Number of protein chains: 2
Amino acid sequence: MKKNTAELAQSQMKPETTIIAIPNNGKGRVRYDKKAESEFFVDNSALAGFTGERILYMAVRELIENSLDSCETNHILPNISLSLKLLDPENEMWLVSCQDNGIGIPSDKVPVAVCSFLTSGKYVEKQQRGLFGVGLKMIAAFSTKDTDHPLKVWTKTQEDGSEYYFELRTDIGTNRPIVLLKRIIKTGESRIQDECGFRIEAVLRARLSPITKNKIYEYISQTSIVNPYAILTFETDEGKVVFERRTEIMPHPAKEVLPHPGDMDLKTLKKAIIRFMNQKTTLQGVLCNSFQKLSSEKAKEIITKAGVDLKIADKYDEHELIKVVNICKQTKFQAPNTEHLSPIGEEILIAGMTSEYTIVTNKENTNSGDQPQQQLSTKVLRPVLTGYSSRTCVVNNRPTIVECGIAYGGDISSFKLHRFANKIPLLYDEGSDVAREVVSEVEINKMGISKKEVKEQFANPDSKSDRAVELLPIHIFFHICSTKIPYKTAGKESIASEGDLKRYMKACLA
Amino acid sequence: MKKNTAELAQSQMKPETTIIAIPNNGKGRVRYDKKAESEFFVDNSALAGFTGERILYMAVRELIENSLDSCETNHILPNISLSLKLLDPENEMWLVSCQDNGIGIPSDKVPVAVCSFLTSGKYVEKQQRGLFGVGLKMIAAFSTKDTDHPLKVWTKTQEDGSEYYFELRTDIGTNRPIVLLKRIIKTGESRIQDECGFRIEAVLRARLSPITKNKIYEYISQTSIVNPYAILTFETDEGKVVFERRTEIMPHPAKEVLPHPGDMDLKTLKKAIIRFMNQKTTLQGVLCNSFQKLSSEKAKEIITKAGVDLKIADKYDEHELIKVVNICKQTKFQAPNTEHLSPIGEEILIAGMTSEYTIVTNKENTNSGDQPQQQLSTKVLRPVLTGYSSRTCVVNNRPTIVECGIAYGGDISSFKLHRFANKIPLLYDEGSDVAREVVSEVEINKMGISKKEVKEQFANPDSKSDRAVELLPIHIFFHICSTKIPYKTAGKESIASEGDLKRYMKACLA
């Protein structure tokens, strides 16, 4: 392998993609450069959440989310093992690994799917955890820039049946994968026992603060709560903890849906037309086959209203097409289908609000020299009242379900806001999330909590401060599921107040 | 032009870049797609701040920031005219234009500099407002996807002297510019009167809510406060308002600085080596010429400590180079230079905290049929006490200056947090900004406000709530300047709590 990376070092030493080579001499000349996608995200890693102490947290969550998506794509009950171990304390090197029984990645796609930014199997309109095609690539790029260890990948798909092993690095300057090694695993050396699956090992340079460690435990606990059909195993140098499967009932796999015509723009319309290129399909045919809630009659009506001729779809120019888009923007359509969305449901959601997990390390086993064992201790809180409500709605023409739960009083002693999106917990950046705005703007008595109850708990109930609710002993729980969550960052930690989302969230709470 | 766009529609109808063409039939197959940079940012426009009601706000700020950077690059006193007018109420089309007397863009670079994402003149290590190479491209892409109007651009540089006119669109599927028209402007038709400059006109589809309109006014007012050497003219359908130049003294142009060795990783080290490719330079020579605070002796010491041979720089493999990186991470270097940074300073900062701008539309002129005139009314607040402090520090090996001001009591009646970064105001997403965390975590009496003063203003001073400070009549002002601001999103609205930034901000306030 030493030889391989020596060659790689040479091959990577291409000159930068420089469009113009005027040196910036500080006298007002500007040099225009093009950055590869990989270089852009590495240089601006905060955009993907990979900053300082969050690196290991982000790595863990991106790997778990990929694994859950991969299992659910083919309705496989997930069994996911994650491990985080200190490899080299002096240089703060950590070995992160994750193995699942999901559908795997076809061997010919592994290098780009793991290393090339903006290449993804997630660019489809359906409810899933992944969205950007950035997370796994950040792990690969950070491992490449901070260590000399290759990424190790094992993959096995049902179609192929063979288990493949890869050693990979990212060429950060060009966004291309570097394949150091690829081979078929012989029987006996197999790492994937199931019919299909995926395993990855990456070395990352990072600091693990106690705060980050707690966030990782909290992330896995909360993920387990809202995905009760998954087995999640998490191993660290302190021991191993298993979140068991609590049900075998799994939601149906999410399906890809057609875009809604209310969300049409020139780009989506042209993309639809390209799919019917050279097929002599009329614009009417393209419209009703490419968008939901658009019958053939409705399509014809729109074209007529737009005042453009009826002809083969690829014969229209932009000036004609924009008229069709404008009419669609002005037309009322039926709301999009929501039957493919998968909410959490009242039972699981209330369980989540009232459970407190603690991880206890069993010291006795440590003394006997064995692998230390950790145990989960679950405390179930008993609030005075709980409530659940949900709204099915349309946000930016995307089908969206908002679920909200509250648990109040009893042995709940302080305020806590739980946020979930497509069944993943959001733990950072609460301050910029739409849920925080909703909580600040809703009045206490609208939440079904009586003035008297509030007085019992709250010294100064007449305060006009919009923060008053945060002084109450209340847990508030929001889950948003959608074919496209409007995240504010590629790190997927906070949700933007898009369209009517906030109004529906308020309606749930008040 | 009609003919041009018809051809363009054809040329854009290339099939998508699809890596594998398995149709997603919902039975567990996944289709891997590659997105162009332009398509990625258009599909995930929230990442760049271009969402719903913020579109026009973002367009205005990206244009002003580009103009200010362009002027300051060559130490030109900025004169910037911005206009925002409703073009087509039925389809919510707005004409946004911006003209400056900055250095302009060389005519051969205009198409990529305006349309191609991740192509920028800002990818250098110096204090400037722009950072990502995304903002202007978002305007071009949104104009392309939502309208059939081309982007119109006028540019004139000192080197060339001719004024060029362009009509541009973005090919969103490939991230390439489409040049519909390019010509040299004849004398008499000139739009740029100065020696150099840049003018852009874009049509955008967007809603302008009263809230957004106020944010735009606030953005321009605050930008004027901290850039008193600029003339800013802002014209809307309601009239024209001019923020006059209040000083001719301008900070020196920011200079590009070498990276600090404490921030070295394999990527930065290899990039440095590539610059000396085939020049038979030793690693020692590369190190001391490519990083600041690294003398020739220090470089030799590091190579020796790393235990690698002394040889020509491009003969090292990754396993050897990582050892050099590891030693650099463990070595203490002098703090980076900060003399190239440009803080706001006490006088301007206090003026900013205590000024309230109101824009008054003069109704009389409207009646006479002329262009309505608007007037600026400035109210200067008289607080009981004001304070200013600053810290020069190093955050993630980047030279950083934190400035903080407070104004308390008097005719200041409520809490307000002002945030600035490299002399641009940050108006959204306060909740996720490091400044909000700092304010929440600092105790009132540490801010130099006595218990007695607090009692006079604040009913419940014994409250332990971390929100207590927000109930005080106080304006707090933070400015962070750095060669690289750790923004959380490409929309540049909130700053991450990177490295020791928070500690230094607290030290300023407490």
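# Why do we call it that?

Q: What makes β6(A) and β7(A) a hairpin, and which residue in the turn has a positive phi?
A: β6(A) and β7(A) form a hairpin with four residues between them, and A:Asn175 in the turn has a positive phi of about 65 degrees. A strand here is a DSSP run of E with at least two residues, while a helix is a run of H or I with at least four, both numbered from the N terminus. This is a predicted model: local features need pLDDT of at least 70, side-chain atom pairs count only at pLDDT 80 or more, and totals for chains, interfaces and linings use all residues. As for names, residues are numbered from 1 along each chain as its sequence is written, chains are lettered from A and ligands numbered from 1 in the order in which they are written, and side-chain values use heavy atoms, with hydrogens and water left out.

Q: How do you know that β6(A) and β7(A) pair?
A: Two strands pair if DSSP finds at least two bridges between them. β6(A) and β7(A) have eight bridges and run antiparallel, so they pass. One of the bridges links A:Tyr164 to A:Ile184 in β7(A).

Q: Is A:Asn175 called buried or exposed, and why?
A: Buried means under 20% relative accessible area, exposed means over 50%, and partly exposed is in between (1.4 Å probe, protein chains only). A:Asn175 has 5%, so it's buried. You'll find A:Asn175 in the loop between β6 (163-171) and β7 (176-184) of chain A.

Q: What does the relative accessible area of B:Lys293 make it?
A: B:Lys293 has 27%, so it counts as partly exposed. B:Lys293 isn't a glycine, yet it has a positive phi of about 60 degrees. Look for B:Lys293 in the loop between α8 (283-290) and α9 (296-306) of chain B.

Q: Why does A:Ile184 get the label it has?
A: Its relative accessibility is 47%, so A:Ile184 is partly exposed. A:Ile184 touches A:Ser162, A:Glu163 and A:Tyr164, leaving out residues up to four places away in sequence; a contact means heavy atoms within 4.5 Å. A:Ile184 and A:Tyr165 sit 19 residues apart in sequence, but their C-alpha atoms are 6.2 Å apart.

Q: What makes β6(A) mostly covered?
A: Nine of its nine residues are buried. On one side these are A:Glu163, A:Tyr165, A:Glu167, A:Arg169 and A:Asp171, and on the other A:Tyr164, A:Phe166, A:Leu168 and A:Thr170. β6(A) also pairs antiparallel with β5 (residues 151-156) of chain A over six bridges, and A:Leu151 stands opposite A:Leu168.

Q: How many residues of helix α13(A) are buried?
A: Six of the eight residues of α13 (residues 434-441) of chain A are buried, and the helix is mostly covered. What covers them includes β15 (416-421), β17 (474-482) and α15 (501-509) of chain A.

Q: How many residues of chain A are in contact with chain B, and how much area is buried between the two chains?
A: 103 residues of chain A are in contact with 103 residues of chain B. The buried area is about 8800 Å², with 56% given by carbon and sulfur atoms. Buried area is the accessible area (1.4 Å probe) that two parts lose on being put together, summed over both.

Q: How do you know that strands pair between chain A and chain B?
A: Two bridges join β4(A) to β1 (residues 33-34) of chain B, and these strands run antiparallel. One partner couple is A:Ser120 and B:Asp33.

Q: How many residues of chain A count as buried, and what secondary structure does the chain have?
A: Of its 510 residues, 59% count as buried. Its secondary structure comes to 15 helices and 17 strands.
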